[in-house]
Amino acid sequence: MFGLATPAFAHNVLVGSSPVAGATLSTGPAEVRFDFNAPVRQGPNTITVVGPDGTHWERTENATVTGNSVSTAIAPLGAAGIYTASYRIISADGHPVTGEIRFTLTIAGHGTPAPAAVAATASGSGGGVPIWVWIVGAAVLLGVVLWLALRTGRSGEDRP
Ligand SMILES: [Cu+2]
């Protein structure tokens with residue numbers, strides 16, 4: 001009955017944002033907010049803000065859901081230029097929807113970007129084995145090989 005009476009859900013459509021798409025700002029916004037035509041579901045809703053040099057400026061990529069809107073706090077911005085604010089939200093029908101807006105910062109701020117680790121997680125390139133594990137592994141393997149070589153070399157010549 002509920003299913004028959006309910007019109008088919010469409011994916012959430014972006015109807016507004018703060019800052020607005022294409023805005024020209026002399027100071028960075030304290031937060032970025034995206035407004036949709038339907039409620040956003042609780043879940044893994046994320047917002048990222050990437051600067052002109054690829055640096056990240058969101059304080060946390062976990063967006064706060066308020067009715068039809070999602071928002072997240074933004075650190076003081078750095079270099080002047082074009083910033084891209086992207087969202088990935090859970091639509092009212094449960095499906096993820098992504099999109100982005102851009103705004104231009106005309107006067108450089110004094111902020112510093114998020115640490116690289118945060119940026120890597122936000123862009124989805126995290127995970128995998130750190131390079132130092134491979135280096136340490138290779139060093140240990142080399143040590144074992146050398147030890148075996150010396151041991152077998154000595155057994156015939158040096159021992160009385
Ligand atoms: Cu859908």
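This is a chat about a predicted model of one protein chain.

Trainee: Hi! What should I know before I start?

Mentor: This is a predicted model, where local features need pLDDT of at least 70 and side-chain atom pairs count only at pLDDT 80 or more, while totals for chains, interfaces and linings use all residues. Residues are numbered from 1 along each chain as its sequence is written, and side-chain values use heavy atoms, with hydrogens and water left out.

Trainee: What is the mean pLDDT of the chain?

Mentor: The mean is 85, and 81% of the residues reach 70 or more; pLDDT is the predictor's confidence in each residue, from 0 to 100. Where pLDDT is low, the predicted coordinates should not be read in detail.

Trainee: Got it. How many helices and strands are there?

Mentor: Three helices and eight strands, in the order α-β-β-β-β-β-β-β-β-α-α along the sequence. Both are DSSP runs numbered from the N terminus: helices are H or I with at least four residues, strands are E with at least two.

Trainee: How many aromatic pairs does the count come to?

Mentor: Four. Rings of Phe, Tyr and Trp (its six-membered ring) pair if their centres lie within 6.5 Å; planes under 30 degrees apart are stacked, over 60 edge-to-face, and the rest tilted. One of the pairs is F36 with Y87, edge-to-face at 5.1 Å centre to centre and 80 degrees between the planes. F36 lies in strand 3 (residues 31-36) and Y87 in strand 7 (residues 81-90), so this pair ties together parts 51 residues apart in sequence.

Trainee: Are F36 and Y87 buried or exposed?

Mentor: Both are buried, meaning under 20% relative accessible area; exposed is over 50%, and partly exposed is in between (1.4 Å probe, protein chains only). Y83 and F103 make a stacked pair, 5.7 Å centre to centre with 10 degrees between the planes. That pair links strand 7 to strand 8 (residues 96-105), 20 residues apart. Y83 counts as buried because its relative accessibility is 0%, and F103 does so at 1%.

Trainee: Switching topic, which ring cluster is there?

Mentor: F34, F36 and Y87 are linked into a cluster by ring pairs.

Trainee: And why does V140 count as exposed?

Mentor: Because its relative accessibility is 51%. V140 lies in helix 3 (residues 131-157).
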